[in-house]
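I opened my notebook next to the viewer and wrote down what I looked up, one entry at a time.

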Amino acid sequence: MRGKSSALVDPAWLHRHRNDPKVRLIEIAGLGQDELQAYKAGHVPGAACWKWKEMLWDSHRRDFPAPEEFARRCAAAGIGNDTTVVFYGEPV
């Protein structure tokens, strides 16, 4: 697994870990992607897709979700404390 010294991975690392059950790939569908158009057109094999406002936003506070709520959302997506998560998306 990747050491904690770097938060970035490259395509070669993704390829080496593509079947690792402790690695979870998440594509973030940003603005204008309500129908997940980019994800449906093509994505990294095995990646899940999150709508940013559903997973990374608290609609009542208009901020990021509280840590406990984000942990609940992650757990529902199969992400635990021992999971390496790779988020990616289109540049804005």
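Predicted model: local features only at pLDDT ≥ 70, side-chain atom pairs only at ≥ 80, totals over all residues.

**Notes on charged pairs, rings and cores**

Entry one. I started with glutamate 69, and at a relative accessible area of 24% it comes out as partly exposed. That is just past the cut-off, since buried means under 20%.

Entry two. What does glutamate 69 pair with? I found a salt bridge to arginine 72, with the closest N and O atoms 2.6 Å apart. Arginine 72 and glutamate 69 sit three residues apart in helix H4, so about one helical turn separates them. Arginine 72 is partly exposed too, at 49% relative accessible area.

Is arginine 73 buried or exposed? I got 13% relative accessibility, so arginine 73 counts as buried. Through shared partners, the salt bridges join Glu69, Arg72 and Arg73 into one network.

How many salt bridges does a search of the whole structure find? My search came back with three. Aspartate 82 and lysine 22 form one of them, and their closest N and O atoms are 2.5 Å apart. This pair links distant parts of the chain, 60 residues apart. Aspartate 82 is in the loop between H4 and strand E3 (84-89), while lysine 22 is in the loop between helix H1 (11-16) and strand E1 (23-29). I checked accessibility for both: aspartate 82 is partly exposed at 47%, and lysine 22 is partly exposed at 37%. A reminder to myself: side chains of opposite charge can pair when their charged atoms come close.

Rings next. I counted two aromatic pairs. Tryptophan 50 and phenylalanine 70 make an edge-to-face pair, with 6.5 Å between centres and 85 degrees between the planes. Why does this pair tie together parts that are apart in sequence? Tryptophan 50 belongs to strand E2 (residues 48-51) and phenylalanine 70 to helix H4 (residues 67-76), so the pair joins parts 20 residues apart in sequence. Tryptophan 50 is buried at 5% relative accessibility, whereas phenylalanine 70 is partly exposed at 27%. I also noted one aromatic cluster, formed by Trp50, Phe70 and Phe87.

Which residues make up the largest nonpolar core? I listed seven: Ile26, Ala48, Trp50, Met55, Cys74, Ala77 and Ile79. Apart from that core lies another, of five residues, including Trp13, Val23, Leu25 and Ala47.

Leaving aside neighbours within four places in sequence, methionine 55 touches Trp50, Pro65, Phe70 and Arg73. Some of those names I had already written down: Trp50 and Phe70 are the edge-to-face pair, and Arg73 is part of the salt-bridge network with Glu69 and Arg72.

The chain averages a pLDDT of 84, and 92% of the residues score at least 70. Which element has the lowest mean pLDDT? I found helix H3 (residues 52-55) there, at 76, with H1 the highest at 92.

Conventions
Residues numbered from 1 in each chain as written. Heavy atoms only, no water. Core = buried A, V, L, I, M, F, W, Y, C linked by side-chain atoms within 4.5 Å. Buried < 20%, exposed > 50% of the residue type's maximum accessible area, 1.4 Å probe, protein only. Contact = heavy atoms within 4.5 Å. Phe/Tyr/Trp six-rings, centres within 6.5 Å; stacked < 30°, edge-to-face > 60°. Helix = DSSP H or I, 4+ residues; strand = E, 2+ residues; numbered from the N terminus. Salt bridge = Lys/Arg side-chain N within 4 Å of Asp/Glu carboxyl O. pLDDT = per-residue confidence, 0-100.
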